Structures are given as C-alpha cells and as structure tokens.
Amino acid sequence: MFINRGNAFFLSDNSPDEFVYRPTADHVLCRDSNGNPTAIYGEDHWDFNPYRLSSKKIRVLSFGDFVKCDDEVFRSKLSEEAKFILYLLMHFSASGYLGRLSASTLVQYFFQLRSMARFCVSSLDNDLAQGISLFDLLSNSAYLRSYLGRKDVAKNQLKQTSALLTALNQIDIDVLGFESCPKKLFNFERLEDRQHPVIPPRIYIAIMNHYESLIEDVYPHREKIKALICDLKDPLNGITESRQRARAGVRSGYYHPDMSNLIEDHGLEELLYDKFKIYSASRSSLARFLKRIQFLVKYVIHIYTGMRHEECARTYYGCLGNELVSEPVLDDSGAILDSARMVSIVSTHTKFTGFKKEDTWLAPDSVVKAVKLAESIVEGIAHVWGVKPENCPLLINVSILKHNIKPKFTATEFRNNLARGGDALLTSPDFRITKDDLVHLQYTDPDREFSQEELFKEGEFWPLTSHQFRRSLAFYAANSGFVSMRTVSHQFKHLAQMMAKYYSRNNHNFLSIFGRWDDRKKIKINPMSHIAHDFQMAVPVAAVDQLFDDVFESEATLMGGTGSYLEKLKGRVQKGEISVLSAKDTTIKMAEKGEIAYRNTLLGGCTKVGPCNDFLLGDITACLSCPGAIIREDRLLSQLSKAEADMETFPEASVEHQIAKMEVTKLTDFRDKKLIKVLEKADA
C-alpha cells in the first residue's frame, strides 16, 4: 500500500526511496521484504507485489511492450509519460477509505493509460492531430471526448477515466506539468451520449446560404442604419406626433420627424418595409428589426467559427483583427520578393486591451461582414447614449432604444424558436426535415436512433440551436467530401482550407495566432476548448470518404494487399449484395478505432496505420509488396511510363539510370504478375 510519507514514522530499509519531483532512472519505487528493489523508475518492469493487500498476485507493469508503434521515439515518449503519471499517483492520489492508493488500483491505472496510449498511436495517421501524447489527451477535452466516444469503448474504461481524472485533478499543475481536464466536463454516469447532432448536409447548406444571403442584403445599408440610430439621440425623434405633444408639449409646425420620416430620409424603405416586413414604423419596430439583424450576425458567426453561445455573448466591439502568419521575404537590397501574409481573426477580447486574454478564431469574409454590420449598430447606440463603442458588447441589447433612462449595456438575448418557424424571414421551407436528411443524420451517428426522437420527425423544422454549429463545422470542414462541394459557398470552401492549414495540431503558427494569455504564467498557452481540436478529431471520417471515392467512383482495377480485398468488396456492391453506405459505416468505425487509415499515393492509396518511411522517402515500389497498399491499374501504368521516360534521360552507366531501371523492373514485374492475372479472371 502506498502511504503518506509525512506520517511514515515506521519506514525501514524495505521502504522505497523518498519522493522527488523528477525521479532519476535508479529511483526505487518498491522493495521486497529483503530490501531488494522490485520496481525501479528507469526499468521496463515494475513489480508491486510486495505491497499488494490481496493474497492473489497482481500483474507486473511492463513498459517495454506498453504500446506497439513503429515510431520508437513516440513509443518511448508515451511510455515515459505513463511512468511519470503513475509515479505521481503513487504519492498524491488520495483514494480509498484511508486516503491511500492500493497497488491493485495502480495496476488498473496502468492499463487505462495503455488504452489511452493506443488511441494516441492511432492519431499518427491523422495529419491534423498527429502526435497526440498522453499529456495532450488528458489535458484537452476535445481529444478526450474523441477517445471516450469510440464505438468500442467499454464501461469500465469510462469508470477508470473518471477515477483517473479525479486523481489527477488533486495534483498541482506545476508538479504534474499540465492542467488535466476537469471531470465535470464529462457526464460519465450518462449511459447514452446525447451530444448535439451534426446538422444534415442539405439543411446545413440551406441555413448557410439563407443567412449569408440576408447579410449580403443588409450589409450595403449599414451606414444608413447607423445614421438612423444616431438620429434617435434626440428623445423626440422617431415617436408619433401625439406622443410628442403628450411628452413635451410640442405644437403643430414644430414636430420632430417620426420613425416613418426617418426611414424615408435615410433611404431604408425597401429594406425595412419590403424585405423585413416592418408594417408599423416606431422605435419598437426598429428595435425588432435591429434584433433580427443581430440574430443573423450571431448565426453567421456560429456557422463559420464554431463559437459557443457564451463566447459569442461576451464578444465586444473591436473584436476583429489581423494576425501575421508569415514574414515578408526580402532580397539583399531590401526589396520585397514575397509580401507578408495575414489572416483575419475574431476574438472575445477587444483590440484595445493590448494582448489576448481570450480565445480567437479564423474569420472568413462572411464573418468580417457580419461583425462590421453589428459594429455599425453599436456605433449608433453608443452615440445615442454618449458612451465609447469599445465598452459595448458586439450584440448590444437594442431594446434600450425604446427607453429614455440610461440602461445597462448588456448583450441581446434571443428566443430559441426564431429559426424553427418562429420568424418567417429567419426560417425557410428548406429547414424542414426530409427522409434523406434522416439517412444522412444516421450516418453521422450510427448508434443513435434519431427517427425515434420527437425532435427529428420528418416534415418538422430542424430543431436548430447555436451549439450544433460547432460540431457541424468541425465535421463538414474536415469531411468536405461528405457534402457536394459544388453546392457549398466559396466562403465555406475557403474556410475549410484555412482550418486545415492553421488548425492542424503541429502548425507552428497556432499558438501565436490562437493562443490564450495566462496571467499567472505570463505566457501564451494552448486554448484547450478551441474548435481546432474538434476539427482535428473529425479527420478520420474524411480519410474514409476519400478512400471510398477512390474505390467506388473509379473504374480502375484495384490490386495490392488491401486493393484486392476492396476490388472484391466493389464487386459485391455492384451485384447488390451489400450497400455502399453499410460498407462505409463499417470502415468509419474501423478508422475511429485506429484499425485503418488512408492516404493517397502515386500508385493509388495506402491503408497502413502509423507512419510510413517509404512514403516519406518517395519509394513508390515499396507499395507493391505492402499489405496495406491499394494499387490502381491506371496509376501503375502511368508511373511505369514515367519511370521508363526518366530512365532514357540518364546515361546508361550512371547511378541514376540504374536506380530508374530497378524501378522499371519492379513495376513491370508487378504488372505482368498481378494485372495480367486480374485481366484473365475478368475474361473468364
């Protein structure tokens, strides 16, 4: 049993070494009754049987085969992190009735960490989340949710993860080296996961196009809208003549312009009366008009950034900015060869604070326009009440225009049903659920019976909430092949490309652009709740999507280890024995477990799990004998033709000629053995 050493007045020569923050390789963790070490920190086998409470022997912890991985450096890193975590748990975990950690519980933690390490290895095939370590997994809620959300996750793993987080949360960050995820972020007691659904692609595109179109209609009028609001600084402007007489005793001939006069003066009749269907001109109706604009702004921000509702509510005027992503390239004389490159961002801080305290997101043009439109409203209201715009929320409460008493400047609150038929302008018939939508919805979460839930009945409006956009954006941006990209706006295509470029795990610009300032440590830290992490974990489905496009949308014959299997699968689909959807669903589950991956190669594709040195070195002939290879007939013949052409360009005695000749020989042999055999079968 591990003990609190402060009370250990009875320690003897059989006791382990004293606790140190950074144990050395020869640090003794356990001794037998004779004082012989049975667990030494730097060794691969830890035996804690001398400390077991049960008469039954416990497993020896083996770090030599802790996890299988071709990348020895990464395997060693995972092993060392697991050792350090277990070491700290031995000394800091306060579990059990006596507040001590038993040896058998430590063994359970070992196997839980090994399960997590296997998940980390499976991430090596995810280009955007490559190299997630145990420290990363335990400190990042998006990574941990992805681990817990696997289809094969066992109930005991949920229980062990819960216990592990409880134990890690007790250890000081400076000792642990990272901030472990709070347990409260995960509902481990919930048997079924009812997370926010991915919006079906047809409805998602309809929402995107509808709201973006409305923003485009309003945006050219933003200065007119601001000027109209500014005119309301005079409390008698915008109210009826009868109210002017009652409130201030204004006489005929001295009336101030009412709201209909102001709308006409600023040339906003078509926008307010025809587009937004304002039937009675008043300060109240203007406030309702502005609130609908803010709703559009809010949802466009959600659509293109994945911001949460709370994050959007605390966004202030001045939230737009530009970040440098690459320095200009200069020649020796100082002339610019390649200009500096900037990316637009939106933050939950103002540009006047001097440094980032909150999160930051990529901002495509649609978001920039939406924010500028909202800022025009803020500028008008700030003028009316004589305050600085930068002290106001971006979605400032517009109902204050109806009152003469100086109000508190809070963010607007919106009803949940505005996009579900509650407002004709903000809703579209295309938002209603169809049978095909339910099929696609089931595809995004195969284990959930959406058709049995009241909210997702065919013919009803999609139960839209702002929280759904975060998961949907991560899913569709990473899995663009799931949606017909011809129907998606240019803005979304551009955003998906930017997310892949700047939200990837190993991008060196990520921390400088999106990092959050830590006042205590005085450094920028990785924002663990950022949508980038959800985006990274959505990628395996994209790989499967590409695989199926290459297999089922190509007429080329497939060969090679995995290629032969897929050729047979393709034949079964063509015969109607199985559906593409069921085959795809099975393959996605394999990808999420880390059992299959996919990347394009010059000869076709590769389903190998883990890094491939031959792929990195450009040795295409290594694919010919790889069990994970998919060799396409058309690409094989194309590469053979190129290799033959290359061989002819080198002198016969040169090394280059000999290398090219070897490549031609290997490709030719494969063609003669495999392709001819495939063609003979086809003829038969």
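## Two helix pairs in a predicted model

Arg-222, Glu-223, Lys-226, Ile-229 and Cys-230 of helix α8 touch Lys-372, Leu-373, Ser-376, Ile-377, Glu-379, Gly-380, Ile-381, His-383 and Val-384 of helix α14. Sorted by class, this α8 and α14 contact holds six nonpolar, three polar and five charged residues. Bear in mind that you are looking at a predicted model.

How do the two helices lie against each other? Helix α8 covers residues 222-230 and helix α14 residues 365-385; their axes come within 8 Å and cross at roughly 15°. An angle under 35 degrees counts as roughly parallel, and α8 and α14 are therefore roughly parallel to each other. The crossing of α8 past α14 is right-handed.

A second pair to look at is α4 with α5. Helix α4 spans residues 141-148, while helix α5 takes in residues 155-168. These two pack at an angle of about 155°, and their axes are 11 Å apart. Because angles over 145 degrees count as roughly antiparallel, α4 is roughly antiparallel to α5. On the α4 side the contact is made by Leu-144, Tyr-147 and Leu-148, and on the α5 side by Gln-157, Leu-158, Thr-161 and Leu-165. By class that gives five nonpolar residues, two polar ones and no charged ones.

Here are the two pairs side by side:

| Helix pair | Axis angle | Axis distance |
|---|---|---|
| α8 and α14 | roughly 15° | within 8 Å |
| α4 and α5 | about 155° | 11 Å |

Is Gln-157 buried or exposed? Its relative accessible area is 16%, so Gln-157 is buried, the cut-off for buried being under 20%. Setting aside neighbours within four places in sequence, Gln-157 is in contact with Gln-112, Ser-115, Tyr-147 and Arg-150.

Stepping back to the protein chain, you will find 26 helices and 15 strands. Of its 684 residues, 48% are buried. Among contacts with a separation of 6 or more, 62% join residues 24 or more positions apart.

Finally, a word on confidence. The chain has a mean pLDDT of 77, with 67% of residues at 70 or more. Residues 1-12 have pLDDT below 50, with 23 contacts in the model beyond near neighbours in sequence. Residues 350-357 also have pLDDT below 50, with 19 such contacts. Where pLDDT is low, predicted coordinates should not be read in detail.

Methods
Residues numbered from 1 in each chain as written. Predicted model: local features only at pLDDT ≥ 70, side-chain atom pairs only at ≥ 80, totals over all residues. Heavy atoms only, no water. Helix = DSSP H or I, 4+ residues; strand = E, 2+ residues; numbered from the N terminus. Buried < 20%, exposed > 50% of the residue type's maximum accessible area, 1.4 Å probe, protein only. Contact = heavy atoms within 4.5 Å. Axes fitted to C-alpha atoms, helices over the stretch in contact; angles between N-to-C directions. Parallel < 35°, antiparallel > 145°, perpendicular 65-115°, else oblique. Left-handed = near helix turned anticlockwise from the far one by under 90°. Nonpolar A, V, L, I, M, F, W, Y, C, P; charged D, E, K, R; others polar. pLDDT = per-residue confidence, 0-100.
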